Amino acid sequence: MRIKKLNVGGEGLNRFFGPLEAKIMDLLWSSEGMSIKEVQSILNQDNPISINAVTTVMNRLLEKGHLSKVLVGTGRTQAARFSTVQSKEQFLSEQTKAVSQGLIQEYGSLVVSHMIDALEDVDQEMIERLEHKLSEIKKRNKQ
């Protein structure tokens, strides 16, 4: 599942989701699954939010493929529990890879140049991982 719209001005998950979507995804990533009422109850501690707003956003996240829903219980005690379909790490890895590839395909050397410039602000370990990855790519391309 790929995010269709990237919010360049956002930070963290807000680059990929709206503010309420990001809060809900963060809650669900830190749990084994929750009902809409449980999510609303937690969100309500910070700012009052209606159950309808939470229901709408969670159902949209379900439709977009970010959440799964399982019915638990029977009869009148039956409730829907939502959980994420990917771990946070899997999601971020997939999305950042798609963004990086898209930028490189569209803007090529300009993006690579900016990424290299940004390396001035990273730790030595990341530079070493990059050097190792570049070495592997060079070896594969020689074959």
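Which residues is Leu71 in contact with, leaving aside its neighbours within four places in sequence? I started my notes there.

**Ground rules**

I'm looking at a predicted model, so I kept in mind that local features need pLDDT of at least 70, side-chain atom pairs count only at pLDDT 80 or more, and totals for chains, interfaces and linings use all residues. Residues are numbered from 1 along each chain as its sequence is written, and side-chain values use heavy atoms, with hydrogens and water left out.

**Leu71**

I found Leu71 in strand 1; helices (H or I, at least four residues) and strands (E, at least two) are DSSP runs, numbered from the N terminus. Outside its four-place neighbourhood, Leu71 is in contact with Gln78, Ala79 and Ala80, where contact means heavy atoms within 4.5 Å. Leu71 counts as exposed because its relative accessibility is 54%. My cut-offs: buried is under 20% relative accessible area, exposed is over 50%, and partly exposed is in between (1.4 Å probe, protein chains only). I also checked Leu71 against Leu119: they are 48 residues apart in sequence and 47 Å apart in space, C-alpha to C-alpha.

**Glu38**

Next I went to Glu38, which lies in helix 2 (residues 36-46). With 34% relative accessibility, Glu38 counts as partly exposed. Not counting residues up to four places away in sequence, Glu38 touches Gly33 and Arg81.

**His66**

His66 sits in the loop between helix 3 (51-63) and strand 1 (67-72). Is His66 buried or exposed? His66 counts as buried, because its relative accessibility is 4%. Its contacts, not counting residues up to four places away in sequence, are Met1, Ile3, Phe17, Met25, Leu61, Ser83, Thr84, Val85 and Phe91.

**Aromatics**

Searching the whole structure gives three aromatic pairs. Rings of Phe, Tyr and Trp (its six-membered ring) pair if their centres lie within 6.5 Å; planes under 30 degrees apart are stacked, over 60 edge-to-face, and the rest tilted. Phe16 and Phe91 have ring centres 5.6 Å apart and planes at 85°, so I logged the pair as edge-to-face. This pair links distant parts of the chain, with Phe16 in the segment before helix 1 (19-29) and Phe91 in helix 4 (residues 88-107), 75 residues apart. Phe16 counts as buried at 12% relative accessibility, and Phe91 does too at 1%. Phe17 and Phe91 form a stacked pair, 5.1 Å centre to centre with 20° between the planes. Phe16, Phe17, Trp29 and Phe91 make up one aromatic cluster.

**Helix 4 on helix 5**

For a helix pair, I note the angle between the axes and the distance between the axes. The axes of helix 4 and helix 5 (residues 109-118) come within 6 Å and cross at roughly 125°. Axes are lines fitted to C-alpha atoms, for helices over the stretch in contact, and angles run from 0 to 180 degrees between N-to-C directions. Helix 4 and helix 5 are therefore oblique to each other; under 35 degrees counts as roughly parallel, over 145 as roughly antiparallel, 65 to 115 as roughly perpendicular, and the rest as oblique. Ser100, Leu103, Ile104 and Tyr107 of helix 4 make the contact with Ser109, Leu110, Val111, Val112 and Met115 of helix 5.
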